[in-house]
Amino acid sequence: MDVVVQAIGGHLLTVQEYSGYYDASQYLLLHPFGTYGWNIDYKTHSNRKFSSCDYYSYILQIETGRLRWISTHQKDIRCDLYQGLQDCLIAGQNNAGIVSEEPTVLPSSFTGGRRDMYQHYLDAMVVVQKYGSPIFSLQ
């Protein structure tokens, strides 16, 4: 299946699945800022080609490292400010059932987290309030 995008100049471009631009348009959770993804021509320092599986294993290891740091540095990111959340969990006011350990609070700087998405939502509502609802036209 081809992905066709319209360039700024108005002409249509076909994006192949082995192009780095394809990943940014298909895997939004892995490329939330539209960064260039895996490319068929990527090579290691020893000039060996590596697969998309190798590339995304590396990307996911970085993400896992970020989450591990957040989990182990909750005091550094001032999760004590979320005492209301902890009180609700202790009182059993959750839908997830029994929580066996302390919850990990993701900071708003964690892309894709609930607080990050809420900030983007509020920003979007301010834009709508100032400029009105967006109008989409299919030509």
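Select Arg-66 and Glu-63 first: they sit 3 residues apart in helix 2 (residues 52-72), so about one helical turn separates them. Helices here are DSSP runs of H or I with at least four residues, strands are runs of E with at least two, and both are numbered from the N terminus.

Before you click on, note that this is a predicted model, in which local features need pLDDT of at least 70 and side-chain atom pairs count only at pLDDT 80 or more, while totals for chains, interfaces and linings use all residues. Residues are numbered from 1 along each chain as its sequence is written, and side-chain values use heavy atoms, with hydrogens and water left out.

**Stop 1: the salt bridge**

Stay with your first selection. What do Arg-66 and Glu-63 form? They make a salt bridge, with 3.3 Å between the closest N and O atoms. The term stands for a side-chain nitrogen of Lys or Arg within 4 Å of a carboxyl oxygen of Asp or Glu. Side chains of opposite charge can pair when their charged atoms come close. The structure holds 1 salt bridge. Arg-66 is partly exposed at 34% relative accessible area, and Glu-63 is partly exposed at 27%. On this scale, buried means under 20%, exposed means over 50%, and partly exposed lies in between, using a 1.4 Å probe and protein chains only.

**Stop 2: the whole chain**

Now zoom out. The protein chain has 4 helices and 2 strands, and along the sequence they follow the pattern β-β-α-α-α-α. Of the 139 residues, 17% are buried. The accessible surface is about 11,500 Å², and carbon and sulfur atoms hold 58% of that surface. Areas come from the Shrake-Rupley method with a 1.4 Å probe; for residues, only the protein chains shown count as cover.

**Stop 3: Asn-39**

Next, select Asn-39, in the loop between helix 1 (20-26) and helix 2. Is Asn-39 buried or exposed? It counts as buried, at 14% relative accessibility. Show its side chain: there is a polar contact with the side chain of Tyr-36 at 2.4 Å. For a polar contact, a pair of N or O atoms must lie within 3.5 Å; within protein, one must be able to donate a hydrogen and the other to accept it, and residues adjacent in sequence count only if both atoms are side-chain atoms. The Asn-39 side chain also reaches the backbone nitrogen of Asp-41 at 3.0 Å.

**Stop 4: the aromatic rings**

Select Tyr-21, Tyr-36, Tyr-42, Phe-50, Tyr-55 and Tyr-56, which form one aromatic cluster. Rings of Phe, Tyr and Trp (its six-membered ring) pair if their centres lie within 6.5 Å; planes under 30 degrees apart are stacked, over 60 edge-to-face, and the rest tilted. That rule gives 6 aromatic pairs. Tyr-42 and Tyr-55 make a tilted one, 5.9 Å centre to centre with 45 degrees between the planes. Tyr-42 lies in the loop between helix 1 and helix 2 and Tyr-55 in helix 2, so this pair ties together parts 13 residues apart in sequence. Tyr-55 also pairs edge-to-face with Tyr-56, at 4.8 Å and 85 degrees. Both Tyr-55 and Tyr-56 are buried.

**Stop 5: a surface patch**

Finish with Tyr-118, Tyr-121, Leu-122 and Met-125, a nonpolar surface patch with about 420 Å² of accessible area together. Patches take residues with over 30% relative accessible area and no salt bridge, joining like charges within 9 Å and nonpolar side chains (Val, Leu, Ile, Met, Phe, Trp, Tyr) within 5 Å. Tyr-121 belongs to helix 4 (residues 114-131) and is partly exposed at 47%.
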